[in-house]
Amino acid sequence: MKIAIVGTGYVGLVSGTCFAEMGVDVTCVDVDRQKIEKLQQGIIPIYEPGLETLVLKNHREGRLHFTTDLTACLNDVEIVFSAVGTPPDEDGSADLSYVLQVARTIGQNLNKYVVVVTKSTVPVGTARKVKAAIREELDKRGAEVEFDIASNPEFLKEGDAVQDFMSPDRVVVGVETDRARKIMERLYKPFMMNNYRMIFTDVPSAEMIKYAANSMLATRISFMNDIANLCEIVGADVNMVRKGIGTDSRIGSKFLYAGCGYGGSCFPKDVKALIRTAQQNGYQMRVLQAVEEVNERQKSVLFDKLARHFQGKLAGKTVALWGLAFKPETDDMREAPATVLIRMLLDAGCRVRAYDPIAMPEAERRLGSEVTYCKDMYEAALDADALMLVTEWKQFRLPSWGVVKRAMRTPVLLDGRNIYDREELTANGFTYYHIG
Ligand code: NAD
């Protein structure tokens with residue numbers, strides 16, 4: 001089977017590589033010439049565990065190709081995926097210009113049947129807009145070419161993307177015809193050998209499933225952050241509360257961790273886009289509005305604790321940050337809570353020393369040289385008045401507290417992800433704050 005994937009970012013590159021690993025002939029397309037040239041030379045533009053080995057192997061074995069020219073492979077494939085970005089517009093709605101651009105290119109060049117699958121996260125109704133754009137371009141040429149559209153939202157998590165793609169909980173595909181359904185079933189069969197979980201729906205439902213899933217996960221996080229803040233006020237411990245409710249099989253234990261806010265390229269923009277879709281249709285998503293509000297407030301929780309500890313006198317203090325990426329095992333800094341926190345610290349006159357195992361080049365590109373980027377976690381703690389754990393990379397879990405304490409000017413630790421043990425830290429002479 002031959003397919004093309006347009007948009008070679010986190011989703012396009014991972015999906016393309018995993019399909020190739022299953023024997024599919026995949027052409028990954030992107031408008032970013034530099035990115036494609038690097039991939040052709042075996043340089044992987046993003047950090048994702050396990051991805052590099054698979055890209056290199058499948059490229060070497062001739063199943064994974066990279067190009068900037070969709071038209072060169074379009075009439076040679078059975079499926080074209082669109083996995084381009086859908087960033088938030090100024091009003092929070094999803095910007096569909098890249099998605100529709102791809103549709104137009106397809107319409108301008110298509111000569112044979114293909115299934116056009118939207119993998120990007122897009123509002124309900126987008127696949128139909130894609131269909132209309134392709135049809136319009138075909139009509140302009142007077143071309144009578146059959147095609148189908150489908151919606152196949154992606155649920156992979158950055159940091160675990162290859163594993164998620166290879167062993168998905170489920171694959172959701174929205175289709176309009178039996179022909180498209182059969183083609184999609186054939187493509188995904190290798191991933192379903194042990195676990196047949198392909199859910200076929202109509203197209204609008206598939207589009208909504210993605211937003212509903214991300215919004216539900218964001219809701220759980222904001223809910224727990226709200227509970228954590230109340231725990232602090234009334235003298236309960238959110239970690240105990242989490243265990244107490246997570247063991248209820250109706251609730252489950254995932255996404256119940258209080259912290260310093262969710263970030264990343266998906267939750268913030270998808271929650272916003274769903275709120276916006278509702279508004280455009282005369283409906284208010286009240287729960288999601290609160291989810292967003294709680295999350296915005298949560299990003300300043302560590303800063304507020306620090307300010308309270310130093311009675312508001314933060315100017316001239318040195319603050320060390322462990323972790324910058326929005327979550328472990330990724331270099332993605334999009335909407336990372338660390339960026340908001342760093343801005344607040346700098347505005348309050350603090351010096352910021354940071355260490356992240358992978359995301360520092362990307363952080364430096366976004367935040368510039370106002371931050372001191374350190375070569376390891378202990379160097380970041382040097383002469384610090386306080387240390388903040390922002391991203392829970394594994395290597396931060398069991399530090400040599402003696403070394404950290406000797407490096408710091410004052411041993412104040414703010415644990416933004418609740419990974420440390422209060423008793424251990426207190427025994428080691430630290431003043432310890434966590435969330436909730
Ligand atoms: P990304 O920014 O990493 O990649 C998008 C790529 O599309 C870029 O390389 C860009 O150059 C390319 N592109 C833009 N316009 C193009 C065009 N006309 N032709 C060819 N290439 C073009 O984005 P991403 O994180 O991979 O996300 C892609 C989509 O998948 C978004 O809708 C996102 O919401 C969704 N999604 C992302 C994740 C995730 O974890 N990142 C998970 C599930 C779904």
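Tutor: The answer below begins with the domains and then turns to charged pairs.

This is a predicted model, in which local features need pLDDT of at least 70 and side-chain atom pairs count only at pLDDT 80 or more, while totals for chains, interfaces and linings use all residues. Residues are numbered from 1 along each chain as its sequence is written, and side-chain values use heavy atoms, with hydrogens and water left out.

The protein chain is assigned domain 1 (2-201), domain 2 (211-297) and domain 3 (299-434); such bounds come from an automatic or database domain assignment. Taken over C-alpha atoms, the centres of domain 1 and domain 3 are 38 Å apart. In the interface, 7 residues of domain 1 are in contact with 10 residues of domain 3, where contact means heavy atoms within 4.5 Å. Between them, domain 1 and domain 3 bury about 660 Å², with 44% of it on carbon and sulfur atoms. Buried area here is the accessible area (1.4 Å probe) that two parts lose on being put together, summed over both. On the side of domain 1, Tyr10, Tyr47 and Glu158 lose the most area to domain 3, together 77% of what that side buries.

Charged groups also take part. The rule finds 1 salt bridge across the interface of domain 1 and domain 3, a salt bridge being a side-chain nitrogen of Lys or Arg within 4 Å of a carboxyl oxygen of Asp or Glu. Arginine 334 and glutamate 158 form a salt bridge through their side chains (3.7 Å, N to O). Side chains of opposite charge can pair when their charged atoms come close.

By this rule, the count of salt bridges comes to 30. One of them joins the side chains of aspartate 76 and lysine 2 (3.1 Å, N to O). This pair links distant parts of the chain, 74 residues apart: aspartate 76 is in the loop between helix H4 (71-74) and strand E4 (79-82), and lysine 2 is in strand E1 (residues 2-6). Helices (H or I, at least four residues) and strands (E, at least two) are DSSP runs, numbered from the N terminus. Aspartate 76 is partly exposed at 47% relative accessibility, and lysine 2 is partly exposed at 36%. In these terms, buried means under 20% relative accessible area, exposed over 50%, and partly exposed in between (1.4 Å probe, protein chains only).
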